[in-house]
Amino acid sequence: MTLSIRWKVALAILFALVCGFVVAGLLTARSLAEQELAQSERALEVSTNLIAFDLRPLVRGSLPLPPMPQLQAMVRELSHRAHARVTLVDASGRVRADSAVRDEDLADIENHRTRPEIEQAITTGAGTDLRASHTTGERTLYRAVRLDQLASPSTALYLRLGLPMTTLEQELATLKRNLTLAFGSAFLIAVALSIWLARSLTKPLSDMATAARQLAGGNLAVHVETSARDEVGLLAHTLNHMTEELRSKIEQLSEDRAQLLAMLTSMVEGVMVLDSKGRILQVNPAWERMFGVTRAEARGRHSSDVFAHPKLNATVSAVLTARAGQEAEIVLTNGRCLNVEASVAGGEQDNEACAVLVFHDITELRRLEHIRKDFVANVSHELRTPLTSIKGYVEALLDGGKDDPETSVRFLDIILKQSDRLNLILEDLLQLSKIESGQVQFKQEPLHVGSVVDRTIAMIKPLADKKQHRLRAQVDADLPIINGDQERLVQVLANLLDNAIKYTPEGGEITVAARRIPVLAHRTADGPHTGVELTVTDTGIGIPEKDRPRVFERFYRVDKARSRELGGTGLGLAIVKHIVEGHGGQIRVEGNVPNGSRFVVCLPAEPEDRD
Ligand code: ADP
């Protein structure tokens, strides 16, 4: 069992007190006993001398001693006066009279020659002894004197006084009892005082122990209250200071951690931290999205167990073994292309960051690069085709074709058409590049889509008529006003209608419709915006589903030969998409049932006055 400091202190104090009390009690009792004895000795000496003085006539001269009864009566009388036993002993040790012995028993009394006080008195004239009486059995203090100092020791008579010490012993017992009582009461008070003292001494310590326990439990708001200015106070002050320091350090660490976490969380790049054995220590949300693995699933596992990607595993092994930065490009099974930058972090122990891998999703970059390369190839191809044609016909003319007027007119006509086509491509390219680079500013004027539809249909109708198409317009009456550039929106609709006419065999049906729709994507503080949905539907050849998302790319054509034959540049829809998006709208293409295509343009309206 372990005792608390409080009890150790209390018991130590009590032990010291008990020892003190016992020693003090013993010493007091002893010194009192000695004092009492010395006093009794003095009193007995005085009494002995006085009685010896009284008995002087008895030993003067050579008178025989009075008879025994008379002697006995005398010693009893003296005993009564001196409050002591009086004995008369002759030099041979025979007891001649004794106040404590009956007359008839006197003859039987033991010879007193060998009693220490008598022996001393025979030798020196006086003797003292303290012992239990052979006759009475009581502890008795004896004093013996030779009655006549001048007489020879062998003939002299000796007076002995015996003072029973019963009273003294009773007094001592009473004294001891009183002392015990006093010390007992003092002890009880001391117990209470020592417990109080121990408590007041150890309370700050136990307070500090409680505070330290709370601190270890994570409560950083603990504060030890103390008014002590001693070492305990200093300790409490140090503990409070330490808590304060700890709190500020932890706050700083938490802040740093939160900032770091915010950085990692907001990064678009995936981050993976590995230890020296290749186990995953940390990943960020972007990494989780890239690999479709949660942090909880990934942490603690070996990276090669999480993704079985040979190139990535090779990069991980390389950075861990070579301890040098690595870079790689990997393609995941879902088609995403990632650039991996692996750098060394330095830690060598388990659970210490050893390598950090940053994953950049470069899928879009690679796609754009691909589009750019395609674009360059397409432009070259598109330009080369009419140029080759022009060159061929010019050479044919030079080779003699010019001599035949009919041939030269036909050839020159072809050269003119190809030149027009070249011009058209260049114009479209120029326009597209201007829109893409932001050089074209769209006007922001309030306009009604109905007027855009009317103007375009009036413009395009002759073309539709040429192919005997039925051109219909369905414009709702409650269309909201939109903000935009009328000329550009006419260009959009004209392009869509031109395509519909081109890619619909003769006698088809082309419908332009405009209706009001809620455009939830453009919700603002003043309520949901409405918008206008403009659709161009034809009954033509349609666009296969797989080609639909790509028809808005530059030079993308479903059927290149047919498009070229129909005079298309492959840039129309790309321009349309840019204009629509420049107005904050969206465009998509769907299939028309049973055949044909439907191009859908959604344009946001300007916020309406809701009063
Ligand atoms: P083009 O000048 O070749 O028409 P566009 O950019 O306008 O180029 O159109 C891209 C391609 O989309 C066309 O080549 C054609 O294959 C397809 N396309 C566009 N509109 C339609 C339509 N209404 N019906 C069928 N195919 C269409």
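This is a short chat about how to read some features of a predicted model.

Visitor: What should I know about the numbering and the model before I start?
Guide: Residues are numbered from 1 along each chain as its sequence is written, and side-chain values use heavy atoms, with hydrogens and water left out. The model is predicted, so local features need pLDDT of at least 70 and side-chain atom pairs count only at pLDDT 80 or more, while totals for chains, interfaces and linings use all residues.

Visitor: Which domains does the assignment give?
Guide: Domain bounds come from an automatic or database domain assignment. Here that assignment gives domain 1 (6-171), domain 2 (221-254), domain 3 (267-361), domain 4 (366-436) and domain 5 (445-604). The C-alpha centres of domain 1 and domain 3 are 112 Å apart.

Visitor: How many residues does helix H1 have, and how far does it reach?
Guide: First, the labels: helices (H or I, at least four residues) and strands (E, at least two) are DSSP runs, numbered from the N terminus. The expected span of a helix is 1.5 Å times one less than its number of residues. H1 (residues 5-54) has 50 residues and reaches 72 Å from first C-alpha to last, close to the expected 74 Å.

Visitor: Which residues of H13 are buried?
Guide: Buried means under 20% relative accessible area, exposed means over 50%, and partly exposed is in between (1.4 Å probe, protein chains only). An α-helix has 3.6 residues a turn, so residues three or four places apart point the same way. The buried residues of H13 include Val449, Val453, Ile457, Ile460 and Ala464.

Visitor: How do H13 and H14 cross?
Guide: Two packed helices are described by the angle between their axes and the distance between the axes. Axes are lines fitted to C-alpha atoms, for helices over the stretch in contact, with angles from 0 to 180 degrees between N-to-C directions. The axes of H13 and H14 (residues 486-502) come within 9 Å and cross at roughly 35 degrees. Contact means heavy atoms within 4.5 Å, and those making it include Val453, Ile457 and Ile460 of H13 and Leu489, Leu493 and Leu497 of H14.

Visitor: Is Cys354 buried or exposed?
Guide: Cys354 is buried, with a relative accessible area of 2%. Its place is the loop between strand S9 (337-344) and strand S10 (355-361). Leu320 is 34 residues away in sequence, yet the two C-alpha atoms are 7.5 Å apart. Leaving out residues up to four places away in sequence, Cys354 touches Leu320 and Arg323, among others.

Visitor: Where is a cis peptide bond?
Guide: Look from Val593 to Pro594, where omega is near 5 degrees. Pro594 lies in the loop between strand S16 (586-591) and strand S17 (597-604).
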